[in-house]
Amino acid sequence: MVNQKIKVFARIKPTKKMVAVYSVDNEDQAGASLEFAVPRDIINGFVDNRREYYKFRFQNVFDQWVKQEDIFEKTAKPVIDSVLAGYNGTIFAYGQTGTGKTFTMTGGAAHYSDRGIIPRTLSYLYECTEDRNEHFTTHISYLEIYNEMGFDLLESRNEAYRLDDLQKVTIMEDLDHNIHLKNLSLQLSVNEEEALNLLFLGDINRVIAKTPMNQASTRSHCIFTIHIRKREPGCATMRHSKLHLVDLAGSERVSKSGLSGQLLTEAKYINRSLHYLEQVIIALSETDRPHIPYRNSLLTSVLRDSLGGNCMTTMIATIAVDNGNLEESISTCRFSQRVAVINNNPILNEILDPDLVKQSFILSQKCLFLPLCGSFPQQLCRGLWLYYSC
């Protein structure tokens, strides 16, 4: 696969408040469209040059009462199928705080049908691997980025009473400019139950607080990553892939939310990292930019492959359509349009199976010292090794 654009979807948050005038058209041949009509306010005076109509295009726009199952089927399932085939994948939710990003990615605890993309992905993943003849190995990591510091949410001690109890994660870059995360654990998961237990452990350790904009606001970016290795019986090659499931912290306007103290500090770090993310998106959308500022933040460094790299990426923009959040919703849609023009270059991740290479090496050493015997001379034995090791 070459030059595949990032797929962008929109999800409208259910609200009982007075909503702005908006319309959704999912029958458009060029994709779905979301349109806002913003009537001019009389109190601004007789002369008001603000735009009245905004129209944005998406792969699909999910209206207020869409089911979690439909979100998963249309946004996540195609990416997971590609990951199982050996391609890297990323699914991330972006939007203002309180618009349903965590509900979309993780889900709610009230009803089983409220499960989000991450638990549904785990169910679908292990269901698919059970029905295939290939040998699969699955490892899971869970990274939290809080105030521009990385933490391992899958702390091996299983009980983290404070944030400082978690292992701090740092970035290392090799000579080939590949990113490595030091101190981020990889936990082996052999079935869905073990994977869900790791997800629950990470969610317990995650930083959550109550704010004026959200009763349970996630104050950090979290990246739940599934690492998959698979090999077909009798095949010397192995395919390895990774799937990033990203729940970004929501942006919020401090002047509107009235935050102070620790919450204000958290909001500044969140807005700063999202600003760096937007800088990367803008640089990628402009083809003549020679430098992409991935190193500006931990978030953009970790997601380097997901944005303009070796990955199949999908974004879900969560949008609140009430009048009080209309300006932020339009800003989210504008960001989405920039993301939608970015080209990624996903490639099949395939390598020789290290175990088979090692076995072949041992066999070659034995053949080198094997005496001539019968119809199997030494040269023929070496030829057989070369044949089966290719």
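## Ground rules

Two strands pair if DSSP finds at least two bridges between them. Strands (E, at least two residues) and helices (H or I, at least four) are DSSP runs, numbered from the N terminus. The model is predicted, so to speak of a local feature requires pLDDT of at least 70, and side-chain atom pairs count only at pLDDT 80 or more, whereas totals for chains, interfaces and linings use all residues. Residues are numbered from 1 along each chain as its sequence is written, and side-chain values use heavy atoms, with hydrogens and water left out.

## Strand E16 and its partners

Let us begin with strand E16, residues 237-247. E15 pairs with E16 in the antiparallel sense, over 9 bridges. Within that pairing, histidine 227 has lysine 242 of E16 as its bridge partner. The hairpin of E15 and E16 has 5 residues between the strands, and there glycine 234 takes a positive phi near 80°.

E16 also meets strand E7 (residues 89-95), and these two run parallel, joined by 5 bridges. Here alanine 93 is bridged to aspartate 247 in E16. Strand E19 (residues 350-352) pairs with E16 as well, in the antiparallel sense and over 3 bridges. In that case the bridge partner of arginine 239 is glutamate 350 in E19.

## Aromatic pairs

Now for the rings. Rings of Phe, Tyr and Trp (its six-membered ring) pair if their centres lie within 6.5 Å; planes under 30 degrees apart count as stacked, over 60 as edge-to-face and the rest as tilted. The count by this rule is 5 aromatic pairs. One of them is edge-to-face because the planes of phenylalanine 72 and tyrosine 124 stand at 70°, with the ring centres 6.1 Å apart. This pair links distant parts of the chain, with phenylalanine 72 in helix H1 (residues 68-85) and tyrosine 124 in helix H3 (residues 117-130), 52 residues apart. Both phenylalanine 72 and tyrosine 124 are buried (under 20% relative accessible area, with exposed over 50% and partly exposed in between, for a 1.4 Å probe and protein chains only).

Tyrosine 142 and phenylalanine 224 also form an edge-to-face pair, because their planes are at 90°, with centres 5.1 Å apart. Tyrosine 142 lies in strand E8 (residues 135-146) and phenylalanine 224 in strand E15 (residues 221-231), 82 residues apart, so this pair too links distant parts of the chain. Tyrosine 142 counts as buried at 1% relative accessibility, and phenylalanine 224 counts as buried at 0%.

## A charge over a ring

Finally, the charged end of arginine 272 sits over the ring of tyrosine 269, 5.2 Å from its centre. The rule asks for NZ of Lys or CZ of Arg within 6 Å of the ring centre and within 35 degrees of the ring normal.
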